[in-house]
Every structure is written in C-alpha cells, then in structure tokens.
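Morning, everyone. I have a short walk through one structure today. Please have a look at it before I start.

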Amino acid sequence: MTKREISKLFEDKKIRTIWDDEEEKWYFSIVDVVAVLTDSENPQTYWRVLKNRLKKEGNETVTNCNALKLRAADGKMRLTDVADTEQLFRIIQSIPSPKAEPFKQWMANVAADRLDQLQDPELSIQQAMMDYKRLGYSDNWINQRLKSIEIRKDLTDQWKLHNVEEGIQYATLTDIIYQHWAGKSAKEYKQFKGLKKENLRDNMTNEELVLNMLAELSTTSITKSKNPQTLEDNMKCAADGGDVARVAREQLEAKTGRKVVSPLSAKRFFEGQKDQGLIADEENNE
C-alpha cells in the first residue's frame, strides 16, 4: 500500500485522511469523524462503545475496518481505526447527528476532487504544494521537492523497463545512490537527521535535494545509455550516477568549506519553531 497522509478540513475541524495510490481510495480517521459529528468531549470513548455495539450486532463494516498509523496530537504515529468512503457512510448511519448529511456531501466532494486530480496531474501538483505550504516549507524548497518527485518517477520508470522489481530491489539501488553521493545508506542518512519513519527527502535541505536529484537524474541517463538487463548491471549504473553527484558535492564543499550532508531536518526545524513559540508565549505571559 502506497499511502500519503493528508489532513482535510470540515467546518474548520481537521479530519486525518490517507490516500492509497494502489487502491485509489481515501481512508478517514473514524474517531475524527465521530468528533465532528457528535461534538463529544471524548470521541475515542464514543467510538469504542459504538464499535462494540455494532460488532455485537454482527456489523461486517466494523469488522472489516483497517487500523493505520496516523499522526496524533502529540506528534507521534499511532494506530488509528480508519474506514474507506463506503464503510464510513455505513458507520455514519449509526450516529444520530444533524451534521450527517452535510458531512456525507463533504466526503463526496473530497472523492470527486481526487478523481479530478488523477485526470489532471496539474491539480495534484497544486494539492501537493498546498500540503507542503501548510506544513511550513518555503516556496523555494517546495519547487525543488516537486521537481525531485518528477525526477524520481523518471528513474523508477527506467528501472521497470530494465527488469528491476519494486520493493527490495528499488531500495537496494536507492541505497547505492545515497552511499555513492552522500556517503551514507538511507538508514544511516535518516539516523543522522534524527528521523524514524519520516520521509528522508522531505527532510533534506535545498542543497541535499539538488544533489540527490543530480544523482538520480544521472542514474536515469546512464541507465538509458547502458541498457542494463540484470540487477547487477543496474547496481553499476546506480553507483555511477551517485558518483556524478559525489564529485559535485566534493567540489561544493571545497569551495564553501562546509559539509553539504547535514543533520538539519524539517522535523527538527518545525519542532524548534514550536519550542520557540512556546518560549515566546511564556515570556509574554510573564
């Protein structure tokens, strides 16, 4: 399952959602929906009681609901009950609320917007830009990140054409690219930045993003030129592509006198902003 968590707003209240690229469907946090529909002070308890009642009634919708990891209020990823659009419609029928019908219409609009984006890639790009802006990224970084997504897609398309299997083999080649240009595997790179399950590219600086793009773009060009047919041949292309970016990194470091591969991350930056905000609030309250 290729998933992307996106927060949606219904009447200024956040609904955590996940878009599944493979199934092409939305999953909604059920407890968030319960909070919106019931105005309950403890929506988790409300959902737990309702869930048990529906299970006793033999409701298959509840039985078939998934649990996915979503970001909680404390910033940690926690398993949360989710439902797709069809399942959620059935669950809403069991919740007496004057907001039920407006919420169903909102869900239909969310689904329709996504279908429009699938038909028109430009809309999807605009959505991604809004998502990154909402998280606090700069316009310059967002432009680089969107370009990096395009370059990565071109690379994986080449891998598919050259007998590379998705999953472990993609990860192996990606690791080689990182190791050759940055001197670290993906795991080591994430540890260096203090990341766990966060996306590494979403936590790269502009310089890191540009060099990673150069590495992947070079790998794509070399792959097209060499036409590798085995995983071993593709590994050589990945190493050569990473080396192109390594040379550029070393030259930049020699000119600036500082390292490019940085422990800085968006995660730490935003946490720092939050901490500074708390300090400012405390100082203002004194």
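Let's begin with the overall fold. The secondary structure of this protein comes to 12 helices and five strands. Keep in mind that this is a predicted model. The protein has 286 residues, and 40% of them count as buried.

Now the surface. The accessible area of the protein is about 16,500 Å². Carbon and sulfur atoms hold 50% of that surface.

Let's go to helix 1. This helix covers residues 30–38. Is it enclosed or open? Seven of its nine residues are buried, so helix 1 is largely enclosed by the rest of the structure. Who are the seven? I30, V31, D32, V33, V34, V36 and L37. Note D32 on that list of buried residues. Then look just past the end of the helix. There, D39 takes a positive phi, about 55°.

Last stop: I151. This residue sits in helix 7, which spans residues 139–161. Is I151 buried or exposed? Its relative accessibility is 10%. Buried means under 20%, so I151 counts as buried.

What does I151 touch? Leave out residues up to four places away in sequence, and the partners are M213, E216, L217 and T220. One distance to go with that. I151 and N212 are 61 residues apart along the chain. Their C-alpha atoms are separated by 9.8 Å.

That's my tour. Over to you.

Technical notes:
Residues numbered from 1 in each chain as written. Predicted model: local features only at pLDDT ≥ 70, side-chain atom pairs only at ≥ 80, totals over all residues. Heavy atoms only, no water. Buried < 20%, exposed > 50% of the residue type's maximum accessible area, 1.4 Å probe, protein only. Helix = DSSP H or I, 4+ residues; strand = E, 2+ residues; numbered from the N terminus. Areas by Shrake-Rupley, 256 points an atom, 1.4 Å probe, with all protein chains shown as cover. Contact = heavy atoms within 4.5 Å.
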